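Subject: A structure for you to look at

Dear colleague,

My notes on what was found in it follow below.

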Amino acid sequence: MEPRLAFTETEFAKHYYKNMLANEKLFHTGPVPHATMELLKLRVSQINGCGYCVDMHYKDAVHAGEDPERLNLVTVWREAPAFTEPERAALALAEESARIADNPHGVSDETWSLVRKHYDDEQIAALVAMCAQINAWNRINVILRSPAGFYDPVTKTARHKNLEQ
(Lines give C-alpha, C1' and ligand atoms only; values in the text may rest on other atoms or scores of the structure.)
Protein backbone atom coordinates (compact mmCIF):
# COMPACT_ATOMS: atom_id res chain seq x y z
CA MET A 1 0.00 0.00 0.00
CA GLU A 2 1.36 3.37 -0.98
CA PRO A 3 0.14 6.70 0.39
CA ARG A 4 -2.03 8.67 -2.03
CA LEU A 5 -0.13 11.92 -1.54
CA ALA A 6 3.20 13.08 -0.14
CA PHE A 7 1.14 15.29 2.17
CA THR A 8 3.96 16.99 4.04
CA GLU A 9 5.71 17.90 0.80
CA THR A 10 2.97 20.38 -0.11
CA GLU A 11 3.40 23.96 1.10
CA PHE A 12 0.00 24.09 2.77
CA ALA A 13 0.52 20.81 4.60
CA LYS A 14 4.00 21.84 5.79
CA HIS A 15 2.42 24.72 7.69
CA TYR A 16 -0.52 22.65 8.91
CA TYR A 17 1.74 19.80 10.03
CA LYS A 18 4.03 22.22 11.87
CA ASN A 19 1.06 23.49 13.89
CA MET A 20 -0.20 19.99 14.60
CA LEU A 21 3.25 19.02 15.89
CA ALA A 22 3.34 22.13 18.08
CA ASN A 23 0.06 20.95 19.61
CA GLU A 24 1.59 17.52 20.22
CA LYS A 25 4.33 19.10 22.33
CA LEU A 26 1.67 20.51 24.67
CA PHE A 27 0.51 17.00 25.47
CA HIS A 28 3.98 15.80 26.44
CA THR A 29 4.21 18.39 29.21
CA GLY A 30 0.49 18.57 29.95
CA PRO A 31 -1.48 17.68 33.07
CA VAL A 32 -2.47 14.12 32.06
CA PRO A 33 0.00 11.24 32.43
CA HIS A 34 1.73 10.36 29.17
CA ALA A 35 0.69 6.70 29.52
CA THR A 36 -2.99 7.69 29.68
CA MET A 37 -2.63 9.84 26.58
CA GLU A 38 -1.02 6.95 24.68
CA LEU A 39 -3.89 4.65 25.68
CA LEU A 40 -6.37 7.25 24.45
CA LYS A 41 -4.52 7.71 21.13
CA LEU A 42 -4.26 3.96 20.60
CA ARG A 43 -7.96 3.33 21.28
CA VAL A 44 -9.22 6.15 19.05
CA SER A 45 -6.88 5.02 16.28
CA GLN A 46 -8.20 1.46 16.56
CA ILE A 47 -11.80 2.64 16.30
CA ASN A 48 -11.04 4.90 13.35
CA GLY A 49 -9.18 2.12 11.54
CA CYS A 50 -5.98 4.12 11.27
CA GLY A 51 -3.29 1.46 10.92
CA TYR A 52 -0.51 4.04 10.73
CA CYS A 53 -1.51 5.58 14.08
CA VAL A 54 -2.18 2.22 15.77
CA ASP A 55 1.34 1.15 14.81
CA MET A 56 2.83 4.46 15.96
CA HIS A 57 1.09 4.71 19.32
CA TYR A 58 1.61 1.06 20.20
CA LYS A 59 5.34 1.41 19.47
CA ASP A 60 5.63 4.78 21.24
CA ALA A 61 3.93 3.35 24.33
CA VAL A 62 6.18 0.27 24.41
CA HIS A 63 9.23 2.47 23.85
CA ALA A 64 8.13 4.60 26.83
CA GLY A 65 7.96 1.47 29.02
CA GLU A 66 4.32 0.42 28.71
CA ASP A 67 3.54 -3.29 29.04
CA PRO A 68 2.74 -4.77 25.59
CA GLU A 69 0.24 -7.18 27.15
CA ARG A 70 -1.68 -4.28 28.66
CA LEU A 71 -1.68 -2.46 25.31
CA ASN A 72 -3.05 -5.60 23.69
CA LEU A 73 -6.04 -5.31 26.03
CA VAL A 74 -6.95 -1.75 25.03
CA THR A 75 -9.54 -3.05 22.55
CA VAL A 76 -11.29 -4.88 25.39
CA TRP A 77 -10.54 -2.45 28.21
CA ARG A 78 -13.99 -2.87 29.79
CA GLU A 79 -13.34 -6.58 30.39
CA ALA A 80 -9.68 -6.25 31.40
CA PRO A 81 -8.61 -5.46 34.97
CA ALA A 82 -5.36 -3.91 33.69
CA PHE A 83 -6.64 -0.32 33.68
CA THR A 84 -7.16 2.15 36.50
CA GLU A 85 -10.48 3.91 37.02
CA PRO A 86 -9.08 7.22 35.65
CA GLU A 87 -7.76 5.38 32.58
CA ARG A 88 -11.16 3.77 32.08
CA ALA A 89 -12.82 7.19 32.19
CA ALA A 90 -10.34 8.50 29.61
CA LEU A 91 -10.87 5.44 27.40
CA ALA A 92 -14.66 5.89 27.56
CA LEU A 93 -14.25 9.54 26.56
CA ALA A 94 -11.90 8.51 23.76
CA GLU A 95 -14.35 5.95 22.38
CA GLU A 96 -17.29 8.32 22.44
CA SER A 97 -15.21 11.06 20.77
CA ALA A 98 -14.38 8.69 17.93
CA ARG A 99 -17.99 7.52 17.62
CA ILE A 100 -19.62 10.92 17.85
CA ALA A 101 -21.88 10.17 14.87
CA ASP A 102 -23.43 7.32 16.87
CA ASN A 103 -24.72 9.70 19.55
CA PRO A 104 -26.35 12.99 18.54
CA HIS A 105 -25.50 14.41 21.98
CA GLY A 106 -21.80 13.59 21.73
CA VAL A 107 -20.28 12.27 24.94
CA SER A 108 -22.85 10.71 27.26
CA ASP A 109 -23.63 12.22 30.65
CA GLU A 110 -22.50 8.96 32.26
CA THR A 111 -19.07 9.14 30.65
CA TRP A 112 -18.77 12.86 31.38
CA SER A 113 -19.53 12.18 35.06
CA LEU A 114 -16.77 9.55 35.17
CA VAL A 115 -14.31 11.96 33.56
CA ARG A 116 -15.29 14.73 36.04
CA LYS A 117 -14.84 12.29 38.93
CA HIS A 118 -11.23 11.51 38.02
CA TYR A 119 -9.89 14.65 36.33
CA ASP A 120 -9.81 18.39 37.05
CA ASP A 121 -10.63 21.09 34.50
CA GLU A 122 -7.06 21.36 33.19
CA GLN A 123 -6.82 17.63 32.71
CA ILE A 124 -10.23 17.45 31.04
CA ALA A 125 -9.22 20.24 28.66
CA ALA A 126 -6.12 18.21 27.73
CA LEU A 127 -8.15 15.01 27.26
CA VAL A 128 -10.73 16.74 25.06
CA ALA A 129 -7.98 18.41 23.01
CA MET A 130 -6.23 15.07 22.58
CA CYS A 131 -9.45 13.42 21.42
CA ALA A 132 -9.82 16.13 18.78
CA GLN A 133 -6.15 15.93 17.81
CA ILE A 134 -5.94 12.17 17.38
CA ASN A 135 -9.23 12.07 15.48
CA ALA A 136 -7.76 14.67 13.08
CA TRP A 137 -4.51 12.71 12.67
CA ASN A 138 -6.50 9.52 12.03
CA ARG A 139 -8.62 11.13 9.37
CA ILE A 140 -5.58 12.50 7.54
CA ASN A 141 -3.86 9.12 7.53
CA VAL A 142 -6.96 7.13 6.59
CA ILE A 143 -7.82 9.51 3.74
CA LEU A 144 -4.25 9.35 2.44
CA ARG A 145 -3.95 5.58 3.06
CA SER A 146 -0.74 5.95 5.03
CA PRO A 147 0.63 2.41 5.41
CA ALA A 148 1.17 0.83 8.81
CA GLY A 149 4.23 -0.98 10.07
CA PHE A 150 7.03 1.40 9.21
CA TYR A 151 7.13 3.73 12.21
CA ASP A 152 10.32 3.85 14.28
CA PRO A 153 9.77 5.12 17.85
CA VAL A 154 13.46 5.97 18.28
CA THR A 155 13.69 8.33 15.31
CA LYS A 156 9.96 9.24 15.36
CA THR A 157 9.83 8.70 11.60
CA ALA A 158 8.23 6.25 9.22
CA ARG A 159 10.56 4.46 6.90
CA HIS A 160 8.60 2.99 4.02
CA LYS A 161 10.04 -0.30 2.92
CA ASN A 162 9.49 -2.08 -0.33
CA LEU A 163 7.02 -4.81 0.60
CA GLU A 164 8.08 -6.85 -2.43
CA GLN A 165 11.53 -7.63 -0.99
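Which residue just after α3 takes a positive phi? It is G65, with a phi of about 105°. Please keep in mind that this is a predicted model, in which local features need pLDDT of at least 70 and side-chain atom pairs count only at pLDDT 80 or more, while totals for chains, interfaces and linings use all residues. Residues are numbered from 1 along each chain as its sequence is written, and side-chain values use heavy atoms, with hydrogens and water left out.

Helix α3 covers residues 51-63; helices (H or I, at least four residues) and strands (E, at least two) are DSSP runs, numbered from the N terminus. In α3, Y52, C53, D55, M56, H57, D60 and A61 are buried, where buried means under 20% relative accessible area, exposed over 50%, and partly exposed in between (1.4 Å probe, protein chains only). What covers these buried residues includes α2 (34-48), α4 (68-72), α7 (121-144), β1 (151-152) and β2 (157-158).

The nonpolar cores come next, each being a set of buried Ala, Val, Leu, Ile, Met, Phe, Trp, Tyr and Cys residues joined through side-chain atoms within 4.5 Å. The largest has 25 residues, of which M37, L40, Y119, L127 and I134 touch the most other members. The elements that give two or more residues to this core are α1, α2, α3, α5 (85-98) and α7, and α7 gives the most, with 7 residues. Apart from this core lies another, of 10 residues, among them A61, V74, A80 and A92.

If we leave aside its neighbours within four places in sequence, M37 is in contact (heavy atoms within 4.5 Å) with F27, V32, A126, L127 and M130. M1, by comparison, lies in the segment before α1, and M1 counts as exposed because its relative accessibility is 56%. The C-alpha atoms of M1 and M37 are separated by 28 Å, with the two residues 36 apart along the chain.

With best wishes

How values were computed: The expected span of a helix is 1.5 Å times one less than its number of residues.
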